[in-house]
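Student: I have a model open and would like to go through how it is put together. Can we start with the overall layout?

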Amino acid sequence: MAVKNSKTVAIVGNEAVAEAMRQINPDVVAAYPITPQTDIVQAFSAIAADGLVDTELVNVESEHSAMSACIGAASSGARVMTATCSQGLGLMWELLYIASGLRLPIVMPNVNRTMSAPINIHCDHSDSMGARDSGWIQLFSENAQEAYDNIIQAVRISEHPDVYLPVMVLMDGFIISHAVDRMDMIEDEKVKNFAGERSAPFTMLDPNNPACVGAFDTLHGYFFEFKRQQEEAMANALPVIKNVANEFEKISGRSYGLFETLGMEDAEFAVIAQGSGAGTIRHQIECLRSNGIRAGMIKLRSFRPFPAEELIEALSGVKTVAVFDRSTTFAGGMGGPVFNELRSSFYEQENKPLMVNYVYGLGGRDLSVELVKKAMEEILAMNSSGKAEQKINYLGLRE
Amino acid sequence: MSWDISKINEWSWKEHPTGAVIKDTGNSRKVKTGGWRSLRPIHDEEKCNNCFICFVFCPEACISFANDEFAGIDYDYCKGCGICAEECPQDAFEMISEIEAQSKEK
């Protein structure tokens, strides 16, 4: 769909996110700096200081306090955002579950950086993957454009009455956050209208309609029932993510779904990846396809909720699936989280593809074109032999 | 109070309010926390001089006075914390075993 955009800009991912935040104009932002997320809050602080937003910017003393302030503000009915990564996300830990348990719509870019030790500030997905069971929606971005677009859509997904869950927008540290990218920005007015006003089911600041938030649930209480509701809300998010994407296409001209496909209509084997690595992989898939090799690719956007049924359908025609994971589960040779969940999704299927895992890029190890080429050759060989010599492969590791 | 929670223990997970929010006031009185009690305070009228100290210190506001005189303990909500017994200058409260007290009542 062709949509006239107000401007095309050269921008780093972090500033792109700060611009999306300016256009959304949240009521409260509480955040603490951590590399490589710092520039988001730094840029947004300048925006707030210039009076371009009405946001109450809370400079807290830690990520634990940042999420605590966000939870308080969101309970009062405010539209709330923060940003973090890595150890900062780790320090937020107990609050992540409180935000999702209280069903508070909070939008948080997480600039994917690995977890120490050894200390390393570079990209992999182990920070957000650690939080995969915390009840947050998790959307991956491939580049600055997708990070910007995901932030704007996240507001609507998070605040949808069928969902009411916090959303993490994931973007690869440095590769997306600090690299200058070409991006189309949507007009301020269009974003403002798209985001709309937050409609809250309750507010703690209305004396005529008082509400108690965060009450104690005793041993004989209803905790189990509330957790079951959260699972339902996450399932509800699947259609909501698609519907919000359809609406977003009308103002942006850009199409999104639960995942993006390339060549899946005739693919014999497929690669699944998320984040910036998908760009390098796509290039190789296109090279293979131009040589008449029926390769396909799925770029996973929504990891939480995990679109199992949709993925099974998209992969129904392939013989081999190679899952690229930028983190591992430390389960003792079980591979990465996306591999595990996809394999589990196929359990009931009669026709299961051969599935292999490529763990790559830990601590920022570069996913070069040569490495992807090497992996593709291996996958091609597996596809023709129907056998995988090694189920879990560490791509780019010095053996 | 508009919110009827009399059969809340039978509610399906679909019926509970989103995010465990309680949109009603004063409903804590529907939860009789006296059931938490392992020790029961017993008041001794002979020793009591109606100084009101127990009334002031009781964290659950379970102790009532009428016409400036001690009028009783609300065992529906008394958690048996023993603060009344600890604070009483006249030593007018005795903390006894709740299980034993209940078995004697039967």
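Student: What domains is chain A divided into?
Tutor: Chain A has domain 1 (7-185 + 219-252) and domain 2 (259-395); domain bounds come from an automatic or database domain assignment. This is a predicted model, in which local features need pLDDT of at least 70, side-chain atom pairs count only at pLDDT 80 or more, and totals for chains, interfaces and linings use all residues. Residues are numbered from 1 along each chain as its sequence is written, while chains are lettered from A and ligands numbered from 1 in the order in which they are written.

Student: How many residues of domain 1 of chain A are in contact with domain 2 of chain A?
Tutor: 26 residues of domain 1 of chain A touch 20 residues of domain 2 of chain A. Contact means that the C-beta atoms, placed from the backbone, lie within 7 Å. The centres of the two domains of chain A, taken over C-alpha atoms, are 26 Å apart.

Student: Which element gives the most to the side of domain 1 of chain A that touches domain 2 of chain A?
Tutor: H9(A), with five residues. Helix H6 (126-130), strand E6 (137-140), strand E7 (167-172) and helix H9 (223-252) of chain A are the elements that give two or more residues to that side. Helices (H or I, at least four residues) and strands (E, at least two) are DSSP runs, numbered from the N terminus. By class, this side of domain 1 of chain A has 14 nonpolar, eight polar and four charged residues. Ala, Val, Leu, Ile, Met, Phe, Trp, Tyr, Cys and Pro count as nonpolar, Asp, Glu, Lys and Arg as charged, and the others, Gly among them, as polar.

Student: Sheets next. What is the strand order in the open sheet of six strands?
Tutor: The order is E9-E11-E10-E13-E14-E15 (chain A), with mixed pairing; two strands pair if DSSP finds at least two bridges between them. Strand E9 (259-262) and strand E15 (392-395) of chain A are at the edges with a single partner strand each, so one side of each has no neighbour in the sheet. From one strand to the next, the twist averages 20°.

Student: How do strand E14 and E15 of chain A run, parallel or antiparallel?
Tutor: Parallel, with four bridges joining E14 (residues 354-360) of chain A to E15(A). A:Tyr358 is opposite A:Asn393 in E15(A). H10(A) packs on this sheet, touching E9, strand E10 (269-273), strand E11 (295-300), strand E13 (320-325) and E14 of chain A, and its direction makes about 160° with that of E11(A). Axes are lines fitted to C-alpha atoms, for helices over the stretch in contact, and angles run from 0 to 180 degrees between N-to-C directions.

Student: At what angle do helices H10 and H13 of chain A pack?
Tutor: H10 (residues 277-290) and H13 (residues 369-385) of chain A pack at about 50°, with axes 9 Å apart. The pair H10(A) and H13(A) is therefore oblique; angles under 35 degrees count as roughly parallel, over 145 as roughly antiparallel, 65 to 115 as roughly perpendicular and the rest as oblique.

Student: Which residues make that contact between H10(A) and H13(A)?
Tutor: H10(A) uses A:Thr280, A:Ile281, A:His283, A:Gln284 and A:Leu288, and H13(A) uses A:Val369, A:Val372, A:Lys373 and A:Met376. By class, five are nonpolar, three polar and one charged.

Student: And how many residues does the contact take from chain A and from chain B?
Tutor: 17 residues from chain A and nine residues from chain B.

Key:
Two residues are in contact if their C-beta atoms, placed from the backbone, lie within 7 Å.
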